[in-house]
Amino acid sequence: MTLLLLSTPERGKIWPRVFAEAGEDILVGEQAVHDPSAIEHIACWYPPKDLSVYTQLKTLISVGAGVDHLPALPEGIALSRTIAPGLEAMMRDWVVMATLMSHRDMPMYIAQARQGVWKAGSVAATGKRTVGILGMGRIGRLAAVSLLALGFRVRGWSLSGATVDDIEMFAADDLDVFLAGVDILVCLLPLTERTRGILGDALFGKLPRGARLVHAGRGGHLDMTALARALDDGQLASAILDVTEPEPLPAEHPFWNDPRIVITPHVAAQTDAREGAMHALAVIRAVREGRPIPGLVARERGY
Ligand code: NDP
Ligand code: OXD
């Protein structure tokens, strides 16, 4: 079973070493492929233009946690997203950092500091604020545990509303009730047909006045014009964004100089090359042994 890797030069160096240690076959780059019918797995961010030449393809593996950048695949080809504990821990760290920054008014204090202004606002204890997490999957759950440990009240929203220890959970239909009690809203949703544009006028209007937004899902979740409106009329107090649409956000975009907004360039997490290779090996072995594929994406749900 040969895997074709289409990715960064760093992965191109590390994956062949990990595969050699495991005794598995790998080719790096399409130029290395002489017989496309020998390829049974492709790991990539963007897939090859013509997948039909890979007649024996069994799985496409996204080298990231998300899969929204990938086109619909022909029937019979499974899609796996990378499951990497290191990436999940990085996401948790970024969410905790951004939530604490929002809670402690850091966007405002950073803007004041740039102007040499010493002006103290009031300080609230973590226990006075409720963090609401949109998307209680692998990353949302991990972040929730740390936020709870810091003393925040934490509630979660997911498609199913399935129980998560110690967290007040809300299902898809209960979005309005969920939002009504949220002081800091954290978006960790996958981008799907149902979640595109969810962070817009209607949703912002259902949050308590002065709520704060922390967003590390995907740029496509956020209506940036609606965010500007919500900040201008005081419905939202601040926003910390790791993802935008487009990426990179153009240098002339007004958000860069908006004192209520802090932006990081999609760096909340990155998949460690070795961890990514280990996930790919786990997929290859599961397919070979007829076991469930790690990180399998449910076609009908889109995540
Ligand atoms: P998971 O698939 O583990 O979890 C997704 C969660 O979203 C689940 O709780 C799911 O509900 C919920 N969900 C999906 N659709 C809906 C919907 N329509 N309504 C309500 N809830 C919904 O994903 P991860 O936690 O691993 O990752 C989440 C996202 O984080 C990724 O898809 C990606 O967009 C983003 N990400 C960003 C990174 C960055 O660097 N900024 C890095 C890595 C990921 P249920 O539990 O019921 O299935
Ligand atoms: C991912 C990402 O999905 O980097 O892994 O956003």
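Q: What makes the count between domain 1 and domain 2 one salt bridge?
A: The side chains of Asp68 and Arg218 meet at 2.9 Å, N to O. A salt bridge needs a side-chain nitrogen of Lys or Arg within 4 Å of a carboxyl oxygen of Asp or Glu, so this pair qualifies. The count between the two domains is one.

A word on the setting: this is a predicted model, where local features need pLDDT of at least 70, side-chain atom pairs count only at pLDDT 80 or more, and totals for chains, interfaces and linings use all residues. Residues are numbered from 1 along each chain as its sequence is written, and side-chain values use heavy atoms, with hydrogens and water left out.

Q: How do you know which residues belong to domain 1 and domain 2?
A: An automatic or database domain assignment supplies the bounds: domain 1 is 2–84 + 271–289, and domain 2 is 86–263.

Q: What makes about 700 Å² the area buried between domain 1 and domain 2?
A: Buried area is the accessible area (1.4 Å probe) that two parts lose on being put together, summed over both. Here that comes to about 700 Å², with 50% from carbon and sulfur atoms. In domain 1, Asp68, Ile83 and Ala84 lose the most area to domain 2, together 55% of what that side buries.

Key. Chains are lettered from A and ligands numbered from 1 in the order in which they are written.
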